[in-house]
Structure formats: structure tokens, C-alpha cells
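Q: Please put the sequence and the model up, and then let's talk through it.

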Amino acid sequence: MAGEMAVEMFRVDKTQRRPLQMQLAASVVAAVLDTRALPGTRMPSTRQMAAHLGISRLTVTLVYQELVAQGYLEPQPRSGFVVSQKVPHRRLTAEDLPTPQRPVDWRQWLPDLTRRRQITKPRNWREYPYPFIYGQADPRLFNHAAWRDCARRALGAREFAELADDRLTQDDPVLVDYICRNTLPRRGIRAQPEEVLITLGAQNALWIAVQLLARPDRSAALEDPGFPDFAETLRLAQMPIRYVPVDGEGLNPHLLDPDTGLVMITPSHNIPTGATMPLARRHALLAAADARDFLIIEDDYEFEMSFLEPPSPSLKSLDRAGRVIYVGSFSKSLFPGLRIGYLVAPAEFVRQARALRAIMLRHAPGHMQRVTGYFLALGYYDAHMVKLRETFRQRREALVAALADTPFEIAGAARHGGSSLWVAGPEGLDSAALATRLIDVGVLIEPGLPFFADPPQICRHFRMGYSSIAEGDIRRGVALMAQAAV
């Protein structure tokens, strides 16, 4: 006798965002595979399962029918559903093995990357009422119907064969064409398809560029304060680092060391201060690169968030010698989970970068490239940006007004717009301690310590993002900050 599976084996969690139907299907499949249930084993009746889980009987019926179509269950006349004779896969269990006499000591093998300078935020940040955190998307501003339309087009039968192929080292032509014809010209950049590489976000593009360019005999110059992951990427590549102080005009090229071989920079919008490098400094940096034979990696993040004035010309647009490797992404303008970025450089560099990427991951997922390409090409992206800029303008005005009535001051802000402010508390304020206290009242901020190469013992600076907090919540959130700072 095959027996019957106990109803207690199955679980769903009504607090999860995943649909109950999906959860139950996964639970049934796991039970069938984990228990190695024999063909013919009876499932609990739909009535029993629904009563046990506290869900509708229709939901259970739909799940059972779906699993019949997949080959996990079979319907039996007057007997409900049983485990199929043709279960697709069964999990193997390893036999008991003796305990190894010498377990691996991973501390001897691995660097501890978890101890690096990094910006952290709670995984459940959306549950906080006042999330002044940077780089997160507000789903209320996104056109979900438009995205579904693009996904439907990309999944059409005519395109499936193309997107299902192993593209080897190539990228999606629809996405690359839009970047070349629309995105880059808005930054004053002219590029051919062979000069563009699609990456898994800007971070992946930066890593690829550093891996190709790092040299132990020359140093890399970084902004201070600046993006901490720049430094960690260079350390992994074993390239010496020199930090250059950032003032109100960004990095000063006259402060670069003579042995500089690489400069990693955010000239249009310094991370985190928002300082913009003026045209004179940009020309000076390019002249120095030409005279002293060094290269530049430009991270041009957030140029689309220009609601106060047009963004400054990209450094790449002023480069006539091909010394600037340009990095961009759609993470801030669409959503960070998309992980679609791009790298723009001379064709010879991109050819080598493409080969390095192929060793790692061959290419970014073709389906997501095509969906993104359609979202851009069909005009949805431009309409989204119009809405985003206006919303961010209103939120920034609300945040600036709210901060004016507090002991905090704006220490840095992107001249053209952006989605965050660099804020300073009163002398003696510890922003890390403040951030900890604020968690208890539902407010999230980003302490400034991780952005500094040699942070002060007590750092009064912190970053406040406004991309994911509603305008109506800003004043109350700032008021709670002011109360906690006393």
C-alpha cells in the first residue's frame, strides 16, 4: 500500500508576499521529493488541506490541477489525487559518511570581505514609516502595466528562440541600440555598438574595468569621501590606493600623486556629497591624464534625475583621447533589482572586457535585456522619468524645508537634482548612534562613516535619500530626527 501523506506536512505563510497558490504548490512538490513518496500515495483531500491551512478549497484544487499538468500528481476517480507514476525528479540522499578528521579552516583560505566599509540597511526597510535611505525604488511611481507589456512582447513565440539561445559574448541589439542612439547622446557621448558592453549593473562594470586596468606599480586615486565599494574593488585587484579630498567642486586634479595610474570618480554627482566638478577641473583632469598617461573610470550615476537644471557634460563627452571608461546603469532610474548596467569605452577595451565577462557569466540574462530594451524604445522610460523628476523635485523641496527648522544643515546636494542630501548634525553628534536611536521610532538614515577613508572617531554627517519615502511623511520623519538629536 502506498499510504497517504499527512496533512501536517504542508505549510503556507500568509504574511509572505508570495501568493498562497504558489506557496502551496512549492510545499507539495517539496514534500513529494523530500519524502520520496511512492507512486500512488494519496494526497490529503482538497477539503482537508483547505481546512488545515485556512485557505479556500478552490485554491487547493487549482494547485492540485497545476501539479497534475506538471506530472507530480494524478487524479484518481473517487479517490482524489495521488502521487504520479512519473514524478519528474527525485532527490537523492547521501549515505551516512564519517566525520572528517580535519575540517576546512576557511579563515586560512578566504579574505573577510564582510568586514569591509559598506553601506547597510535593514532588509525589511519597507516596513519602516520614514525610510530616508538611498537608491531604493518607490513601486508607487512605476508603470507596472507598461513593464508587463514589454515582458509579454519579449516572451512572444517569435522572439523566444532568439532570447533562449546562448548569446556567447553578445548583448541584446535592441538594448544596445537604444543606449547608443538615445542614452549616451544625452550625455554628449557618441558610441558605436562595439564600444558598449552590457553588465549586471554598474558594480559589475566597475569590477570588470578594475580587473583589466589594475597595476601594482601605480596607484589609483579615489574621492574622499566617496563610494566605499570603489576601494574594496581595487583592494581585491591589489592596486595601491591614494585618497584625494573632495571639496565643493569635487576632486581637485592638481592633488593627484605623480604615480597615479587610474582615477575612479563621480564627477557629475559625488558620492555622497553631491558635489559637481566644474568644467575647468574636468578639462584639467583630462589634460593631466594625457600628460601623465593615466586612465579614468567615470561613474555617471543618476544623471537622469535632473529636475533643477540640466546635468553637466559627462567627462567622457570631453574625452578625445579615449582615456575615459564610462559606466552607467538603470538601477536608480528603474529599480535596483533589475541589475542592468553598461560600460562604454574604446572598442579594443570593450573587446577585452567582453572576454573577461564571458569567463564570469557569458552575458547578462537575455530576456531581461530585451524587456528593458522594449521599455526604453517604446517610450515608457521617458514617460517614467518625467514622473520621477517631478516627484523627486517635490520631495526634495519638502526635505529641504523640513530640515530648515532643525539643528541639521545641508552639507552637500547635487546641483542638478539627484535623490539624496548630504546632511551634517550639530558638532559632537554621532550619526551612527543617531541612526541606531532612530530605528526605534521608524526612521532610517545612512551614517556617514563608511564613505570616509579615514573616518573621524565621531562622524556627524549622514545621507538622507528621498526616492522611496512619500512626500507627506518627510516632515514628521525629520521632526523625529530632531527630537532624537537633542
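A: In the lining of the largest cavity, the largest share, 3 residues, comes from strand β5. Strands here are DSSP runs of E with at least two residues, helices are runs of H or I with at least four, and both are numbered from the N terminus.

Q: Before going on, what kind of model is this?
A: This is a predicted model, in which local features need pLDDT of at least 70 and side-chain atom pairs count only at pLDDT 80 or more, while totals for chains, interfaces and linings use all residues. Residues are numbered from 1 along each chain as its sequence is written, and side-chain values use heavy atoms, with hydrogens and water left out.

Q: Back to that cavity, then: what is its volume, and which residues are closest to its centre?
A: The largest cavity has a volume of about 50 Å³, and among the 13 residues that line it, Leu 222, Glu 223, Gly 226, Phe 227 and Tyr 243 are the closest to its centre. A cavity is a set of points on a 1 Å grid over the protein atoms alone where a 1.4 Å probe fits but cannot get out; a pocket is an open set with protein on both sides within 12 Å along at least five of seven lines, and lining residues have an atom within 4 Å of a point.

Q: OK, pockets. What lines the largest one?
A: Its lining is made of 33 residues, with Gln 203, Phe 227, Asp 229, Lys 332 and Arg 339 lying nearest the centre. Two or more lining residues of this pocket come from each of α7 (201–213), α8 (228–236) and β10 (324–329). The volume of the largest pocket is about 770 Å³, a volume being the space filled by probe spheres set on grid points that are joined across faces, edges and corners. Sorted by class, its lining comprises 13 nonpolar, 9 polar and 11 charged residues.

Q: How about the second largest pocket, what volume does it have?
A: That pocket comes to about 350 Å³. It is lined by 22 residues, and Ala 137, Asp 138, Pro 139, Leu 334 and Phe 335 lie nearest its centre. Helix α13 (residues 380–403) gives the largest share of this lining, 3 residues, and the lining residues of the second largest pocket divide into 10 nonpolar, 8 polar and 4 charged.

Q: Changing topic, how many aromatic pairs are there?
A: The structure holds 15 of them, a pair being rings of Phe, Tyr or Trp (its six-membered ring) with centres within 6.5 Å; planes under 30 degrees apart count as stacked, over 60 as edge-to-face and the rest as tilted. One of the pairs joins Phe 330 and Tyr 342, which are tilted, with 5.6 Å centre to centre and 45° between the planes. This pair links distant parts of the chain, since Phe 330 is in the loop between β10 and β11 (341–344) while Tyr 342 is in strand β11, 12 residues apart.

Q: What about Phe 375 and Tyr 380?
A: They form another tilted pair, 5.7 Å centre to centre and with 35° between the planes.

Q: Why does Phe 375 count as buried?
A: Phe 375 counts as buried because its relative accessibility is 0%. Tyr 380, in turn, is partly exposed because its relative accessible area is 25%. Phe 375 and Tyr 380 also belong to one aromatic cluster with Phe 142, Trp 147 and Phe 335.

Q: Which residues are buried in helix α4?
A: In α4 (residues 144–154), Ala 146, Trp 147, Asp 149, Cys 150, Ala 151 and Ala 154 are buried. These buried residues of α4 pack against α5 (157–164), α12 (366–377) and α13, with contact meaning heavy atoms within 4.5 Å.

Q: Last one: how many helices and strands are there overall?
A: The protein has 15 helices and 16 strands, and its C-alpha atoms fill a box of roughly 85 × 60 × 55 Å along the principal axes. Of its 486 residues, 51% count as buried, and among contacts between residues at least 6 apart in sequence, 73% join residues at least 24 apart.

Technical notes. Ala, Val, Leu, Ile, Met, Phe, Trp, Tyr, Cys and Pro count as nonpolar, Asp, Glu, Lys and Arg as charged, and the others, Gly among them, as polar. Buried means under 20% relative accessible area, exposed over 50%, partly exposed in between (1.4 Å probe, protein chains only).
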